[in-house]
Amino acid sequence: MVSRQIQALIHRSKSAAHLLQLHSPVVKTGLDHNPNFVSDYINLASSISIEFAKLVFGYVPICPPLFAWNSIIRVYAKSSVPIESVRFFSELHRVGLKGDNFTYPFVVKACGRCGMVGGGGMLQCLIMKSGFDSDRYIGNEVFRMYADCGEVGIARKVFEEMPVRDVVSWSSLIAGYVACNYPLEALRVFREMKLANENPNSVTLVSLLTACTRLHDISIGKSIHCYIIVHPIEIDVALGTALIEMYSKCGHVEKAFHMFNSMSEKNLQSWTIMICGLADHGRGNDSILLFNHMEQAGLVPDSMAFSAILSACSHLGLLSEGRQFFNQMVRTYNIEPTMEHYGCLVDLLGRAGLVEEAYEIIKNMPMEPNSVILRSFLGACRNHNIVFTLDDNFRKVLTSESHLGANYVLAANVSSVSGCWGDAADMRVSMKQKGVIKVPGCSWVDSGGYVVYDAVMATVSELLQRLLVISPLLLVIVVHWLSTGSQVNIGIPGSEPGAIHRAGGSPWGVAFVLVLLFFLISYQPSFLGLLV
């Protein structure tokens, strides 16, 4: 009778304090010698407090049953310390017990979270020896573990060796390719999945939309959206958030905002992604308004949300708003600023020309500034012609990324502006000795199958060709101007008939025009060849 009452009270417990009060009656009544009770006790305790469950696990007078081991391993595999799950599995084998089909999936998952590809491989061998290699659930966890460790090639081999595959198997492989930054391969796997007559679920579609976002491929993203509508598939929070991110990152912020407003349920990630999307498209006021609406909806912004809104204020030059959000983050929500938050604040102050205040922020940071913050600060010094002498800490951090030529060039330019020609020369020499070059900045936009860069080059080439066609006429005009210095009526191809064009200037200007015409006529083939 007493034992039943104790068990009932344990099941009604809500905290570790309650369990601790009941532990003494458990020991006095000898319930800790009952294997079934120990399994149930540890399973319940692990869901309330894993530390208390671990304490009970170590002090029970009998060897805990396999069910109790699985309970501890499962909870630790999902916790912030998954390595403990692997340690308990090793202890399980040390005491002479063997894992079952409920043990291995969680241990394999823990290896993936810890990046233990070697331990995961040993577990795979043990799984095959134990005869669980045909278990579909365990197989899914094995190749997901390899994908989490970055070994997507091995994950693909494990997938191909599986005798039976379900939608979870295909979805896990697609998610693995996306996580390892192979979005194109993820789409190819999806095509294989359709050929195998396996229909995707919402988890599959989330990974596919993420792949489209990485590729900036709006056409495939729209096709997936159409698939969701036609079949139909319920748009939950994860799927809706993936659609918002895909549309906003591909330049369709209005469609993203429409998708955001149509969602019946939104989480913090949905709001944060939409705020970033509005800010990236220059709609800073709308992003701030949406952030305020998020707070009014009862959601508490986290570190990522403040990173998004501070980045928006930084890129759009909203100085007062940025300061307000930074102070609100620290004072109202007690969020410790990270490197990214300080970087946004330094960039915001630098863009506003408050270089001295930005430098004070850098000096008072609780951590060492990274090269991104220093590049932002030095760029502000250069843009606002502020004299700044590089100290040893600045030079050390900038040169720590020895493969980035932009660090050396920026440091050399700032040293030159500050009059430190020796430091600037040292930076240039160091670049040459290490063989580092600065990669030129570029923009690449795909519009209707044509690259904008090519279109610009074609336009420049066409302009030069037009100039070369009329160059003899220009030469005649210059000679006539030298002799008369008067107004000349000419008809230039492509201009309005009878249009009057005035020519005049100093002899030095005339000499420059003559030299330019000689260069264009003499080097026409090679100059155009560089552009086309």
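In this predicted model, helix 5 passes helix 7 in a left-handed crossing. Two packed helices can be described by the angle between their axes and by the distance between those axes. For helix 5 and helix 7, the angle is about 25° and the axes lie 9 Å apart. Since angles under 35 degrees count as roughly parallel, helix 5 is therefore roughly parallel to helix 7. On the helix 5 side, the residues that meet helix 7 are Ile 73, Arg 74, Ala 77 and Lys 78; their partners in helix 7 are Phe 106, Val 107, Lys 109, Ala 110 and Arg 113.

Helix 5 covers residues 66–78, and at 1.5 Å a residue its 13 residues should span 18 Å; the end C-alpha atoms are 19 Å apart, which agrees. Buried in this helix are Ala 68, Trp 69, Asn 70, Ser 71, Ile 72, Ile 73, Val 75, Tyr 76 and Ala 77. Helix 7 (104–114) is one of the elements covering these buried residues, and helix 3 (35–48), helix 4 (50–59) and helix 6 (83–94) are also among them.

How confident is the predictor along the chain? The protein chain averages a pLDDT of 80, and 73% of the residues score at least 70. Over residues 449–461 the pLDDT stays under 50, and the model has nine contacts beyond four places in sequence for them. Residues 523–532 also have pLDDT below 50, with 11 contacts in the model beyond near neighbours in sequence.

How values were computed
Residues numbered from 1 in each chain as written. Predicted model: local features only at pLDDT ≥ 70, side-chain atom pairs only at ≥ 80, totals over all residues. Heavy atoms only, no water. pLDDT = per-residue confidence, 0-100. Contact = heavy atoms within 4.5 Å. Helix = DSSP H or I, 4+ residues; strand = E, 2+ residues; numbered from the N terminus. Expected span 1.5 Å × (residues − 1). Buried < 20%, exposed > 50% of the residue type's maximum accessible area, 1.4 Å probe, protein only. Axes fitted to C-alpha atoms, helices over the stretch in contact; angles between N-to-C directions. Parallel < 35°, antiparallel > 145°, perpendicular 65-115°, else oblique. Left-handed = near helix turned anticlockwise from the far one by under 90°.
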